[in-house]
Amino acid sequence: MPIYVVGAGPGDPKLLTLWAVEVLAKADVVAYGDLVPEEIVEKFAPQALRVKIGHKKADHDAAVKALIEEAARGKTVVVLKNGDPTIFGRGIQICKEASMHGVECHVIPGVSAFAAAAALYRLEITDGAELRHVALLSYPHFSAEILASIKADTVVVYMMGDKIAEVLDVAGKICGPAAEVFICHSVSRGGGCVRLGANPLADVKKPVLIIIRRCFKQ
């Protein structure tokens, strides 16, 4: 039976795709990490065996290997990834590994957190005028040197929730005074997007992403 690597979106069950709901309903095993709400599994796959996946590479790889073995034994396996599986979610890597073991694999796209933040909080990522290019970065591949080398007016930084001060310092040095920095957290689960400098930073709950607009290099 196949493995489905499914985008769970930013957390709100209403943002799941119909395809995701369909495969969850027939899953024998559902695997997911801490950033995927239990509510999604309880609502759409109550019949499935639940497996938690760690975020460290060794733990993740071991879990994927075990899930591929389950699929090879005839189980329908769903791996839920927060956001979209192809954006820092290792979704394609899972399918490559499955294919090497003769197991069919499908990737089902999901709503990425930055797209949800842009829509729900009316933050233009591109506008066709000043904001023409977007770069997606993630920890630990973020630094002043990296940001300076990227030609993008909007930069989205994933997995830097514990290093907000570092991002602010780098953005101030590289992007210039016109830059707008937003901290977006739990974007569809009661969180929000706060522009730094305009409002006090509220209690930040993971998952967190940082959007830097008008990053016009000095």
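A disulfide is a pair of cysteine sulfur atoms within 2.5 Å. In this predicted model, that rule gives a count of three disulfides. With the bonded cysteines numbered in sequence order, they pair as 1-2, 3-6, 4-5. Here is a quick tour, bond by bond.

**Cys-95 and Cys-105**
- Cys-95 is joined to Cys-105, with an S to S distance of 2.0 Å.
- This pair links distant parts of the chain, 10 residues apart: Cys-95 sits in helix H4 (residues 91–100) and Cys-105 in strand S5 (residues 105–108).
- The S-S torsion of Cys-95 and Cys-105 is about -70°, so this disulfide is left-handed.
- Cys-95 is buried at 11% relative accessible area, and Cys-105 also counts as buried, at 17%.

**Cys-175 and Cys-215**
- Cys-175 and Cys-215 form a disulfide with 2.0 Å from S to S.
- The two cysteines are 40 residues apart and link distant parts of the chain: Cys-175 lies in the loop between helix H7 (164–174) and strand S8 (180–185), while Cys-215 lies in the segment after strand S10 (208–213).
- A torsion of about -65° around the S-S bond of Cys-175 and Cys-215 makes this disulfide left-handed.
- Relative accessible area is 1% for Cys-175, which is buried, and 2% for Cys-215, which is buried too.

**Cys-184 and Cys-193**
- Cys-184 is joined to Cys-193 by a disulfide, at 2.1 Å from S to S.
- For your torsion checks: the S-S bond of Cys-184 and Cys-193 has a torsion of about 120°, so the disulfide is right-handed.
- Cys-184 has a relative accessible area of 1% and is buried.

Methods. Residues numbered from 1 in each chain as written. Predicted model: local features only at pLDDT ≥ 70, side-chain atom pairs only at ≥ 80, totals over all residues. Heavy atoms only, no water. Helix = DSSP H or I, 4+ residues; strand = E, 2+ residues; numbered from the N terminus. Buried < 20%, exposed > 50% of the residue type's maximum accessible area, 1.4 Å probe, protein only.
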